[in-house]
There are 2 protein chains.
Amino acid sequence: MIPPKSKEEVVQEFRIRSIQDATMRVIARKGMAAATMQEIAEEAGVAKGTIYLYFRDREELVEKTFESAITRLMETIDAALDRDMPIEEKVRAIMAAHLSFFGENREFFRLYLSLRMPEGPAVRQRRQKQNCQPQYRLRAEKFAAALQQAMDRGEIRRMDAYKLALFIIEGSTAVIFERLNEEAPPDEATDLDLITGMVLDGIRKRS
Amino acid sequence: MIPPKSKEEVVQEFRIRSIQDATMRVIARKGMAAATMQEIAEEAGVAKGTIYLYFRDREELVEKTFESAITRLMETIDAALDRDMPIEEKVRAIMAAHLSFFGENREFFRLYLSLRMPEGPAVRQRRQKQNCQPQYRLRAEKFAAALQQAMDRGEIRRMDAYKLALFIIEGSTAVIFERLNEEAPPDEATDLDLITGMVLDGIRKRS
DNA sequence: TCCGCGACTGACCATACGTTCAGCGTCCTG
DNA sequence: CAGGACGCTGAACGTATGGTCAGTCGCGGA
(Lines give C-alpha, C1' and ligand atoms only; values in the text may rest on other atoms or scores of the structure.)
Protein backbone atom coordinates (compact mmCIF):
# COMPACT_ATOMS: atom_id res chain seq x y z
CA MET A 1 0.00 0.00 0.00
CA ILE A 2 2.65 2.42 1.02
CA PRO A 3 4.69 3.23 -2.06
CA PRO A 4 8.31 2.39 -1.41
CA LYS A 5 10.38 5.53 -1.37
CA SER A 6 13.72 5.26 -3.02
CA LYS A 7 16.52 7.38 -1.70
CA GLU A 8 16.22 9.71 -4.66
CA GLU A 9 12.55 10.29 -4.02
CA VAL A 10 13.20 11.19 -0.42
CA VAL A 11 15.88 13.66 -1.43
CA GLN A 12 13.60 15.13 -4.07
CA GLU A 13 10.73 15.60 -1.69
CA PHE A 14 13.03 17.17 0.83
CA ARG A 15 14.34 19.64 -1.77
CA ILE A 16 10.86 20.52 -2.92
CA ARG A 17 9.73 21.07 0.60
CA SER A 18 12.75 23.24 1.47
CA ILE A 19 12.22 25.40 -1.57
CA GLN A 20 8.52 25.82 -0.89
CA ASP A 21 9.17 26.71 2.73
CA ALA A 22 11.76 29.25 1.66
CA THR A 23 9.30 30.69 -0.83
CA MET A 24 6.76 31.24 1.89
CA ARG A 25 9.24 32.87 4.22
CA VAL A 26 10.49 35.27 1.57
CA ILE A 27 6.99 36.21 0.45
CA ALA A 28 6.07 36.72 4.08
CA ARG A 29 8.99 39.12 4.42
CA LYS A 30 8.91 41.03 1.14
CA GLY A 31 5.49 40.45 -0.30
CA MET A 32 4.49 38.60 -3.42
CA ALA A 33 5.79 41.06 -6.02
CA ALA A 34 9.18 41.69 -4.42
CA ALA A 35 10.09 38.10 -3.70
CA THR A 36 12.87 37.31 -6.19
CA MET A 37 14.11 33.91 -7.27
CA GLN A 38 17.56 34.91 -6.07
CA GLU A 39 16.41 35.54 -2.55
CA ILE A 40 14.26 32.43 -2.46
CA ALA A 41 17.25 30.37 -3.57
CA GLU A 42 19.49 31.88 -0.92
CA GLU A 43 16.84 31.32 1.73
CA ALA A 44 16.57 27.68 0.67
CA GLY A 45 20.35 27.30 0.54
CA VAL A 46 20.47 26.25 -3.11
CA ALA A 47 21.49 27.90 -6.36
CA LYS A 48 18.95 29.78 -8.41
CA GLY A 49 19.18 27.20 -11.17
CA THR A 50 18.28 24.37 -8.85
CA ILE A 51 14.80 25.73 -8.36
CA TYR A 52 14.20 25.29 -12.07
CA LEU A 53 14.97 21.59 -11.77
CA TYR A 54 11.88 21.20 -9.63
CA PHE A 55 9.58 23.93 -10.91
CA ARG A 56 9.00 25.05 -14.47
CA ASP A 57 9.01 28.74 -13.64
CA ARG A 58 8.28 31.23 -10.92
CA GLU A 59 4.58 30.98 -11.44
CA GLU A 60 4.48 27.24 -10.96
CA LEU A 61 6.61 27.57 -7.85
CA VAL A 62 4.23 30.03 -6.27
CA GLU A 63 1.20 28.08 -7.36
CA LYS A 64 2.43 24.75 -6.03
CA THR A 65 3.56 26.36 -2.81
CA PHE A 66 0.15 27.89 -2.35
CA GLU A 67 -1.64 24.66 -3.14
CA SER A 68 0.24 22.45 -0.76
CA ALA A 69 -0.36 24.88 2.08
CA ILE A 70 -4.00 25.57 1.42
CA THR A 71 -4.71 21.88 1.12
CA ARG A 72 -3.64 21.50 4.71
CA LEU A 73 -5.91 24.37 5.74
CA MET A 74 -8.86 22.93 3.84
CA GLU A 75 -8.46 19.56 5.50
CA THR A 76 -8.64 21.12 8.92
CA ILE A 77 -11.73 23.07 8.03
CA ASP A 78 -13.53 20.27 6.25
CA ALA A 79 -13.31 18.28 9.43
CA ALA A 80 -15.34 20.98 11.15
CA LEU A 81 -17.77 21.51 8.29
CA ASP A 82 -18.68 17.91 7.65
CA ARG A 83 -19.62 16.98 11.16
CA ASP A 84 -23.23 17.53 12.02
CA MET A 85 -23.43 20.07 14.81
CA PRO A 86 -25.45 23.20 15.58
CA ILE A 87 -24.30 26.25 13.66
CA GLU A 88 -22.98 27.92 16.80
CA GLU A 89 -20.47 25.17 17.33
CA LYS A 90 -19.68 24.91 13.65
CA VAL A 91 -18.81 28.59 13.40
CA ARG A 92 -16.69 28.34 16.48
CA ALA A 93 -14.90 25.25 15.21
CA ILE A 94 -14.15 26.82 11.83
CA MET A 95 -12.85 30.02 13.30
CA ALA A 96 -10.75 28.10 15.80
CA ALA A 97 -9.26 26.12 12.93
CA HIS A 98 -8.33 29.33 11.11
CA LEU A 99 -6.83 30.91 14.17
CA SER A 100 -4.61 28.00 15.04
CA PHE A 101 -3.65 27.23 11.45
CA PHE A 102 -2.46 30.74 10.72
CA GLY A 103 -0.86 30.92 14.12
CA GLU A 104 1.26 27.93 13.15
CA ASN A 105 1.75 28.99 9.54
CA ARG A 106 2.38 32.69 9.79
CA GLU A 107 4.49 32.68 6.68
CA PHE A 108 1.70 31.31 4.59
CA PHE A 109 -0.65 34.09 5.59
CA ARG A 110 0.95 36.70 3.41
CA LEU A 111 0.98 34.47 0.35
CA TYR A 112 -2.62 33.64 1.01
CA LEU A 113 -3.58 37.31 1.05
CA SER A 114 -1.65 38.03 -2.16
CA LEU A 115 -3.31 35.35 -4.16
CA ARG A 116 -6.86 36.28 -3.30
CA MET A 117 -6.60 39.03 -5.81
CA PRO A 118 -4.77 38.22 -9.04
CA GLU A 119 -2.11 40.63 -10.30
CA GLY A 120 -0.10 41.11 -13.42
CA PRO A 121 -0.88 41.06 -17.13
CA ALA A 122 -4.16 39.60 -18.29
CA VAL A 123 -2.62 36.23 -19.14
CA ARG A 124 -1.19 35.66 -15.71
CA GLN A 125 -4.34 36.94 -14.07
CA ARG A 126 -6.32 34.35 -15.95
CA ARG A 127 -3.95 31.57 -14.91
CA GLN A 128 -4.04 32.57 -11.29
CA LYS A 129 -7.78 32.78 -11.47
CA GLN A 130 -7.95 29.24 -12.77
CA ASN A 131 -5.53 27.75 -10.30
CA CYS A 132 -5.63 29.63 -7.04
CA GLN A 133 -8.87 31.53 -6.82
CA PRO A 134 -11.03 28.41 -7.08
CA GLN A 135 -9.40 27.26 -3.85
CA TYR A 136 -10.49 30.47 -2.21
CA ARG A 137 -13.95 30.44 -3.72
CA LEU A 138 -14.37 26.81 -2.85
CA ARG A 139 -13.70 27.58 0.76
CA ALA A 140 -16.21 30.40 0.72
CA GLU A 141 -18.76 28.24 -1.03
CA LYS A 142 -18.40 25.39 1.42
CA PHE A 143 -18.88 27.78 4.27
CA ALA A 144 -21.84 29.34 2.47
CA ALA A 145 -23.38 25.90 2.08
CA ALA A 146 -23.12 25.32 5.81
CA LEU A 147 -24.79 28.65 6.45
CA GLN A 148 -27.50 27.85 3.92
CA GLN A 149 -28.20 24.58 5.66
CA ALA A 150 -28.53 26.42 8.98
CA MET A 151 -30.98 28.83 7.35
CA ASP A 152 -33.08 25.97 6.06
CA ARG A 153 -33.14 24.50 9.53
CA GLY A 154 -34.27 27.84 10.91
CA GLU A 155 -31.18 28.24 13.06
CA ILE A 156 -30.21 31.55 11.54
CA ARG A 157 -31.90 34.37 9.67
CA ARG A 158 -32.23 34.25 5.90
CA MET A 159 -29.81 36.28 3.83
CA ASP A 160 -27.49 35.89 0.85
CA ALA A 161 -25.43 32.99 2.14
CA TYR A 162 -22.43 33.55 -0.10
CA LYS A 163 -21.98 37.22 0.72
CA LEU A 164 -22.50 36.44 4.34
CA ALA A 165 -19.77 33.83 4.16
CA LEU A 166 -17.43 36.35 2.53
CA PHE A 167 -18.18 38.90 5.22
CA ILE A 168 -17.37 36.47 7.98
CA ILE A 169 -14.26 35.03 6.36
CA GLU A 170 -12.72 38.39 5.54
CA GLY A 171 -13.73 39.94 8.83
CA SER A 172 -12.11 37.17 10.77
CA THR A 173 -9.07 37.25 8.49
CA ALA A 174 -8.61 40.90 9.42
CA VAL A 175 -8.71 40.07 13.10
CA ILE A 176 -6.22 37.27 12.61
CA PHE A 177 -3.95 39.57 10.61
CA GLU A 178 -4.00 42.12 13.41
CA ARG A 179 -3.36 39.36 15.89
CA LEU A 180 -0.31 38.12 14.01
CA ASN A 181 1.15 41.62 14.04
CA GLU A 182 0.60 42.24 17.73
CA GLU A 183 3.58 42.14 20.03
CA ALA A 184 1.74 40.34 22.75
CA PRO A 185 -1.40 38.85 21.27
CA PRO A 186 -4.07 37.81 23.76
CA ASP A 187 -5.14 34.23 24.28
CA GLU A 188 -6.45 32.57 21.18
CA ALA A 189 -9.68 32.08 23.10
CA THR A 190 -10.13 35.82 23.56
CA ASP A 191 -10.01 36.58 19.86
CA LEU A 192 -12.08 33.53 19.15
CA ASP A 193 -14.78 34.80 21.49
CA LEU A 194 -14.70 38.18 19.82
CA ILE A 195 -15.19 36.69 16.38
CA THR A 196 -17.85 34.15 17.24
CA GLY A 197 -19.71 36.59 19.46
CA MET A 198 -19.75 39.12 16.67
CA VAL A 199 -20.81 36.61 14.05
CA LEU A 200 -23.55 35.00 16.08
CA ASP A 201 -25.07 37.94 17.92
CA GLY A 202 -23.73 41.11 16.36
CA ILE A 203 -22.73 44.10 18.41
CA ARG A 204 -26.08 45.27 19.71
CA LYS A 205 -26.71 44.79 23.37
CA ARG A 206 -29.72 42.69 24.12
CA SER A 207 -31.93 43.80 26.96
CA MET B 1 -10.50 84.10 0.32
CA ILE B 2 -10.59 82.08 -2.83
CA PRO B 3 -7.05 81.89 -4.15
CA PRO B 4 -6.98 83.27 -7.66
CA LYS B 5 -6.08 80.53 -10.09
CA SER B 6 -3.81 81.54 -12.87
CA LYS B 7 -4.16 79.78 -16.17
CA GLU B 8 -1.01 77.81 -15.51
CA GLU B 9 -2.33 76.53 -12.24
CA VAL B 10 -5.53 75.36 -13.88
CA VAL B 11 -3.59 73.52 -16.54
CA GLN B 12 -1.31 71.99 -13.94
CA GLU B 13 -4.18 70.77 -11.81
CA PHE B 14 -5.83 69.31 -14.87
CA ARG B 15 -2.67 67.42 -15.79
CA ILE B 16 -2.19 66.13 -12.29
CA ARG B 17 -5.77 65.00 -12.15
CA SER B 18 -5.59 63.26 -15.53
CA ILE B 19 -2.47 61.40 -14.56
CA GLN B 20 -3.88 60.33 -11.23
CA ASP B 21 -7.09 59.15 -12.84
CA ALA B 22 -5.10 57.16 -15.38
CA THR B 23 -3.03 55.67 -12.57
CA MET B 24 -6.14 54.43 -10.86
CA ARG B 25 -7.57 52.94 -14.01
CA VAL B 26 -4.39 51.08 -14.86
CA ILE B 27 -3.96 49.75 -11.34
CA ALA B 28 -7.58 48.67 -11.39
CA ARG B 29 -6.89 46.73 -14.57
CA LYS B 30 -3.45 45.23 -13.93
CA GLY B 31 -2.96 45.44 -10.22
CA MET B 32 -0.44 47.48 -8.28
CA ALA B 33 2.72 45.56 -9.20
CA ALA B 34 2.05 45.27 -12.93
CA ALA B 35 1.02 48.86 -13.54
CA THR B 36 3.92 50.36 -15.51
CA MET B 37 4.74 54.01 -16.00
CA GLN B 38 4.52 53.44 -19.74
CA GLU B 39 0.98 52.20 -19.59
CA ILE B 40 -0.10 54.91 -17.18
CA ALA B 41 1.34 57.53 -19.51
CA GLU B 42 -0.48 56.07 -22.50
CA GLU B 43 -3.70 55.91 -20.54
CA ALA B 44 -3.31 59.55 -19.57
CA GLY B 45 -2.40 60.52 -23.13
CA VAL B 46 0.97 62.00 -22.24
CA ALA B 47 4.58 60.91 -22.60
CA LYS B 48 6.28 58.98 -19.87
CA GLY B 49 8.60 61.87 -19.15
CA THR B 50 5.71 64.20 -18.48
CA ILE B 51 4.67 62.26 -15.43
CA TYR B 52 8.06 63.01 -13.90
CA LEU B 53 7.41 66.73 -14.24
CA TYR B 54 4.61 66.38 -11.73
CA PHE B 55 5.74 63.49 -9.57
CA ARG B 56 9.21 62.71 -8.31
CA ASP B 57 8.96 58.98 -8.96
CA ARG B 58 6.53 56.12 -9.23
CA GLU B 59 6.15 55.89 -5.51
CA GLU B 60 5.13 59.48 -5.08
CA LEU B 61 2.66 59.12 -7.92
CA VAL B 62 0.95 56.17 -6.30
CA GLU B 63 1.07 57.77 -2.90
CA LYS B 64 -0.44 61.07 -4.01
CA THR B 65 -3.06 59.29 -6.06
CA PHE B 66 -4.02 57.22 -3.07
CA GLU B 67 -4.12 60.21 -0.78
CA SER B 68 -6.32 62.40 -2.90
CA ALA B 69 -8.84 59.60 -3.30
CA ILE B 70 -8.90 58.48 0.29
CA THR B 71 -9.29 62.04 1.46
CA ARG B 72 -12.56 62.16 -0.40
CA LEU B 73 -13.65 58.91 1.21
CA MET B 74 -12.67 60.10 4.66
CA GLU B 75 -14.65 63.29 4.29
CA THR B 76 -17.78 61.36 3.46
CA ILE B 77 -17.32 59.10 6.42
CA ASP B 78 -16.40 61.79 8.90
CA ALA B 79 -19.70 63.42 8.18
CA ALA B 80 -21.41 60.28 9.40
CA LEU B 81 -19.10 59.73 12.36
CA ASP B 82 -19.20 63.23 13.80
CA ARG B 83 -22.94 63.61 13.98
CA ASP B 84 -24.49 62.46 17.21
CA MET B 85 -26.84 59.61 16.44
CA PRO B 86 -27.57 56.17 17.83
CA ILE B 87 -25.03 53.54 16.82
CA GLU B 88 -27.52 51.74 14.62
CA GLU B 89 -27.89 54.75 12.40
CA LYS B 90 -24.20 55.52 12.53
CA VAL B 91 -23.26 52.07 11.32
CA ARG B 92 -25.79 52.25 8.57
CA ALA B 93 -24.61 55.69 7.51
CA ILE B 94 -20.98 54.65 7.41
CA MET B 95 -21.65 51.52 5.44
CA ALA B 96 -23.88 53.42 3.05
CA ALA B 97 -21.05 55.89 2.52
CA HIS B 98 -18.63 53.07 1.68
CA LEU B 99 -21.03 51.40 -0.67
CA SER B 100 -21.81 54.48 -2.68
CA PHE B 101 -18.23 55.76 -2.67
CA PHE B 102 -16.75 52.58 -4.04
CA GLY B 103 -19.66 52.25 -6.42
CA GLU B 104 -18.69 55.60 -7.89
CA ASN B 105 -14.94 55.05 -7.62
CA ARG B 106 -14.51 51.46 -8.73
CA GLU B 107 -11.04 52.13 -10.01
CA PHE B 108 -9.85 53.31 -6.66
CA PHE B 109 -10.93 50.13 -4.96
CA ARG B 110 -8.08 48.03 -6.28
CA LEU B 111 -5.46 50.59 -5.32
CA TYR B 112 -7.03 50.79 -1.91
CA LEU B 113 -6.74 47.04 -1.42
CA SER B 114 -3.12 46.98 -2.61
CA LEU B 115 -1.95 49.60 -0.19
CA ARG B 116 -3.42 48.06 2.90
CA MET B 117 -0.53 45.69 2.94
CA PRO B 118 2.86 47.13 2.01
CA GLU B 119 5.00 45.31 -0.55
CA GLY B 120 8.51 45.51 -1.82
CA PRO B 121 11.93 45.89 -0.22
CA ALA B 122 12.12 46.95 3.39
CA VAL B 123 12.78 50.59 2.53
CA ARG B 124 9.70 50.95 0.43
CA GLN B 125 7.64 49.03 2.94
CA ARG B 126 8.66 51.52 5.60
CA ARG B 127 7.74 54.46 3.41
CA GLN B 128 4.38 53.04 2.53
CA LYS B 129 3.79 52.32 6.16
CA GLN B 130 4.48 55.91 7.02
CA ASN B 131 2.42 57.45 4.29
CA CYS B 132 -0.49 55.22 3.38
CA GLN B 133 -1.12 52.85 6.22
CA PRO B 134 -1.80 55.63 8.72
CA GLN B 135 -4.71 56.64 6.51
CA TYR B 136 -6.07 53.15 6.79
CA ARG B 137 -5.38 52.85 10.50
CA LEU B 138 -6.83 56.28 11.09
CA ARG B 139 -10.05 55.20 9.51
CA ALA B 140 -10.17 52.07 11.61
CA GLU B 141 -9.33 54.04 14.73
CA LYS B 142 -12.04 56.60 14.13
CA PHE B 143 -14.55 53.87 13.65
CA ALA B 144 -13.24 52.11 16.75
CA ALA B 145 -13.69 55.33 18.72
CA ALA B 146 -17.32 55.52 17.65
CA LEU B 147 -17.82 51.92 18.73
CA GLN B 148 -16.10 52.61 22.03
CA GLN B 149 -18.41 55.52 22.67
CA ALA B 150 -21.39 53.30 21.99
CA MET B 151 -20.02 50.76 24.46
CA ASP B 152 -19.66 53.41 27.12
CA ARG B 153 -23.22 54.45 26.54
CA GLY B 154 -24.31 50.86 26.90
CA GLU B 155 -25.66 50.66 23.38
CA ILE B 156 -23.51 47.71 22.42
CA ARG B 157 -21.65 44.92 24.17
CA ARG B 158 -18.12 45.42 25.39
CA MET B 159 -15.28 44.00 23.33
CA ASP B 160 -11.96 45.06 21.83
CA ALA B 161 -13.18 48.06 19.87
CA TYR B 162 -10.27 48.18 17.43
CA LYS B 163 -10.43 44.57 16.38
CA LEU B 164 -14.17 44.84 16.13
CA ALA B 165 -13.75 47.81 13.84
CA LEU B 166 -11.32 45.85 11.66
CA PHE B 167 -13.71 42.95 11.46
CA ILE B 168 -16.55 45.14 10.31
CA ILE B 169 -14.50 47.18 7.86
CA GLU B 170 -12.90 44.19 6.17
CA GLY B 171 -16.07 42.14 6.21
CA SER B 172 -18.00 44.88 4.50
CA THR B 173 -15.12 45.50 2.12
CA ALA B 174 -15.39 41.87 1.02
CA VAL B 175 -19.09 42.25 0.34
CA ILE B 176 -18.47 45.42 -1.62
CA PHE B 177 -15.72 43.70 -3.60
CA GLU B 178 -18.05 40.88 -4.51
CA ARG B 179 -20.72 43.40 -5.40
CA LEU B 180 -18.40 45.28 -7.74
CA ASN B 181 -17.61 42.06 -9.57
CA GLU B 182 -21.18 40.93 -9.98
CA GLU B 183 -22.75 41.18 -13.40
CA ALA B 184 -26.07 42.39 -12.06
CA PRO B 185 -25.54 43.57 -8.50
CA PRO B 186 -28.68 43.94 -6.39
CA ASP B 187 -29.94 47.23 -5.06
CA GLU B 188 -27.45 49.02 -2.87
CA ALA B 189 -30.09 48.82 -0.16
CA THR B 190 -30.11 45.02 -0.27
CA ASP B 191 -26.40 44.71 0.40
CA LEU B 192 -26.60 47.51 2.92
CA ASP B 193 -29.28 45.60 4.83
CA LEU B 194 -27.15 42.48 4.75
CA ILE B 195 -24.16 44.28 6.21
CA THR B 196 -25.93 46.29 8.87
CA GLY B 197 -28.12 43.35 9.84
CA MET B 198 -25.06 41.19 10.28
CA VAL B 199 -23.14 43.82 12.20
CA LEU B 200 -25.94 44.77 14.55
CA ASP B 201 -27.60 41.45 15.25
CA GLY B 202 -25.36 38.71 13.95
CA ILE B 203 -26.67 35.69 12.16
CA ARG B 204 -28.52 33.90 14.95
CA LYS B 205 -32.26 33.86 14.75
CA ARG B 206 -33.91 35.43 17.73
CA SER B 207 -36.97 33.66 19.07
C1' DT C 1 6.72 88.90 -37.42
C1' DC C 2 10.31 87.07 -34.79
C1' DC C 3 12.32 85.43 -30.60
C1' DG C 4 12.89 82.92 -26.47
C1' DC C 5 11.02 80.40 -22.79
C1' DG C 6 9.41 76.33 -20.90
C1' DA C 7 6.20 72.48 -21.16
C1' DC C 8 6.43 68.30 -23.32
C1' DT C 9 8.45 64.38 -25.73
C1' DG C 10 10.42 59.79 -26.41
C1' DA C 11 14.83 57.57 -27.49
C1' DC C 12 18.17 56.18 -24.39
C1' DC C 13 20.46 54.38 -20.07
C1' DA C 14 21.20 51.65 -16.02
C1' DT C 15 19.49 48.19 -13.47
C1' DA C 16 17.17 44.25 -11.85
C1' DC C 17 14.92 40.10 -12.66
C1' DG C 18 13.56 35.51 -14.63
C1' DT C 19 15.50 31.98 -17.13
C1' DT C 20 19.16 29.11 -19.37
C1' DC C 21 23.04 26.01 -19.91
C1' DA C 22 27.90 24.60 -20.19
C1' DG C 23 30.67 22.84 -16.88
C1' DC C 24 31.85 20.97 -12.25
C1' DG C 25 32.02 17.81 -8.44
C1' DT C 26 30.30 13.71 -6.34
C1' DC C 27 28.86 9.33 -5.82
C1' DC C 28 27.60 4.91 -7.69
C1' DT C 29 28.92 1.02 -10.60
C1' DG C 30 31.61 -2.34 -12.74
C1' DC D 1 40.35 2.48 -9.15
C1' DA D 2 38.46 4.31 -13.52
C1' DG D 3 34.55 5.93 -15.88
C1' DG D 4 30.43 8.01 -16.38
C1' DA D 5 25.94 9.71 -15.05
C1' DC D 6 23.54 13.09 -12.88
C1' DG D 7 22.25 16.72 -9.62
C1' DC D 8 23.75 21.09 -8.93
C1' DT D 9 25.87 25.54 -9.80
C1' DG D 10 26.19 30.47 -10.92
C1' DA D 11 27.89 33.40 -14.70
C1' DA D 12 25.74 35.06 -18.61
C1' DC D 13 21.68 36.46 -21.51
C1' DG D 14 17.44 38.66 -22.93
C1' DT D 15 13.94 41.43 -21.55
C1' DA D 16 11.28 44.75 -19.26
C1' DT D 17 10.95 48.74 -16.41
C1' DG D 18 11.90 53.07 -13.86
C1' DG D 19 14.11 57.11 -14.60
C1' DT D 20 16.88 60.89 -17.55
C1' DC D 21 17.74 64.59 -20.63
C1' DA D 22 18.86 66.66 -25.08
C1' DG D 23 15.87 68.19 -28.38
C1' DT D 24 11.23 69.88 -30.27
C1' DC D 25 7.50 72.93 -30.73
C1' DG D 26 3.76 76.03 -29.58
C1' DC D 27 2.66 80.20 -27.42
C1' DG D 28 2.97 84.75 -25.58
C1' DG D 29 5.33 89.00 -25.52
C1' DA D 30 8.17 92.48 -27.78
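## Basis

Residues are numbered from 1 along each chain as its sequence is written, and chains are lettered from A and ligands numbered from 1 in the order in which they are written. In this predicted model, local features need pLDDT of at least 70 and side-chain atom pairs count only at pLDDT 80 or more, while totals for chains, interfaces and linings use all residues.

## DNA strand C

DNA strand C is surrounded by 15 residues (C-beta atom, placed from the backbone, within 6 Å of the strand). The closest are A:T36, A:G49, A:D57, B:G49 and B:T50. Helix 2 (37–44) and helix 3 of chain A, with helix 3 of chain B, each give two or more residues to this surface; helices are DSSP runs of H or I, at least four residues, numbered from the N terminus. Helix 3 of chain B has the largest share, 4 residues.

By class, the surface has 5 nonpolar, 5 polar and 5 charged residues. Ala, Val, Leu, Ile, Met, Phe, Trp, Tyr, Cys and Pro count as nonpolar, Asp, Glu, Lys and Arg as charged, and the others, Gly among them, as polar.

## DNA strand D

Around DNA strand D there are 15 residues, of which A:A47, A:G49, A:T50, B:G49 and B:D57 come nearest. At least two residues each come from helix 3 (48–54) of chain A and from helix 2 (37–44) and helix 3 (48–54) of chain B. Helix 3 of chain A gives the most, 4 residues. The classes are 5 nonpolar, 5 polar and 5 charged.

## Chain A with chain B

In chain B, 38 residues are in contact with 38 residues of chain A (C-beta atoms, placed from the backbone, within 7 Å). Helix 9 (161–181) and helix 10 (188–201) of chain B each supply at least two residues of chain B's side. Helix 9 of chain B has the largest share, 12 residues. That side divides into 19 nonpolar, 8 polar and 11 charged residues.

Note on methods: Two residues are in contact if their C-beta atoms, placed from the backbone, lie within 7 Å.
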